[in-house]
Amino acid sequence: MGAAAAPAPNLVLAGRYRLETRLGGGGMGAIWRAEHLILKAPVAVKLLKPDRTIDGETRQRFVQEARAASALNHPHIITIYEIGQSDGVDFIAMEYVAGSTLAHLIGRGRLNISAALGYAVQIADALATAHAAGILHRDLKPANIMVSDKGPLKVLDFGLAKLTD
């Protein structure tokens, strides 16, 4: 994969993650739905942007995101499975959550008060766990909250997280 080329569906990373569908992207990279070829299970894979010059600070933030989230074991924080590099592509493999971002749900119209309060409680619980572990998210917004089709939500994207004492 060249520096200007976007990854194609069916690209296999590290011999175990086959990219299937691009789900979206953010400041640092693109998120793909992928299949774990050994487990035959869906995963989400975040790729560091291929068109961006990879400097030490960018890679450090990418690694910090994976480390911060993986240090937390909480039902409302995304689970990180692996961070790695395959054929020069930096990636984070994580739990796949079928659903919509909170930003998308809000964009469709007002949330009812019961749903909004339920989401607020879940987000606060996740952040309390992160803060107790000395991790500040620093990029909490509706686009970084995934609401699963089954109801619970997950806090995503710890790319700007800061570790505190």
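The model is predicted: local features need pLDDT of at least 70, side-chain atom pairs count only at pLDDT 80 or more, and totals for chains, interfaces and linings use all residues. Residues are numbered from 1 along each chain as its sequence is written, and side-chain values use heavy atoms, with hydrogens and water left out.

Glu-35 belongs to strand E3 (residues 29–36); strands (E, at least two residues) and helices (H or I, at least four) are DSSP runs numbered from the N terminus. Because its relative accessibility is 15%, Glu-35 counts as buried (under 20% relative accessible area, with exposed over 50% and partly exposed in between; 1.4 Å probe, protein chains only). Beyond its neighbours within four places in sequence, Glu-35 is in contact (heavy atoms within 4.5 Å) with residues including Tyr-17, Arg-18 and Lys-40.

Arg-18 is also the bridge partner, in E2, of Val-12. E1 and E2 form a hairpin with 3 residues between them, and Ala-14 in the turn has a positive phi of about 55°.

| Strand pair | Bridges | Residues facing each other |
|---|---|---|
| E1 and E2 | 2 bridges | Val-12 and Arg-18 |
| E2 and E3 | 7 bridges | Thr-21 and Arg-33 |
| E9 and E10 | 3 bridges | Val-147 and Leu-153 |

**The sheet E7-E9-E10**

An open sheet of 3 strands has the order E7-E9-E10 with antiparallel pairing. Its edge strands, E7 (99–101) and E10 (153–155), each pair on one side only. Helix H3 (residues 113–132) lies across E9 and E10 and runs at about 35° to E10; axes are lines fitted to C-alpha atoms, for helices over the stretch in contact, and angles run from 0 to 180 degrees between N-to-C directions.

**Nonpolar cores**

A nonpolar core is a set of buried Ala, Val, Leu, Ile, Met, Phe, Trp, Tyr and Cys residues joined through side-chain atoms within 4.5 Å. The largest has 30 residues, of which Ile-78, Ile-80, Ile-135 and Phe-158 touch the most other members. H3 gives the most to this core, with 5 residues. A second, separate core of 12 residues includes Leu-19, Leu-47, Val-89 and Phe-91.

Methods:
Pairing = 2+ DSSP bridges.
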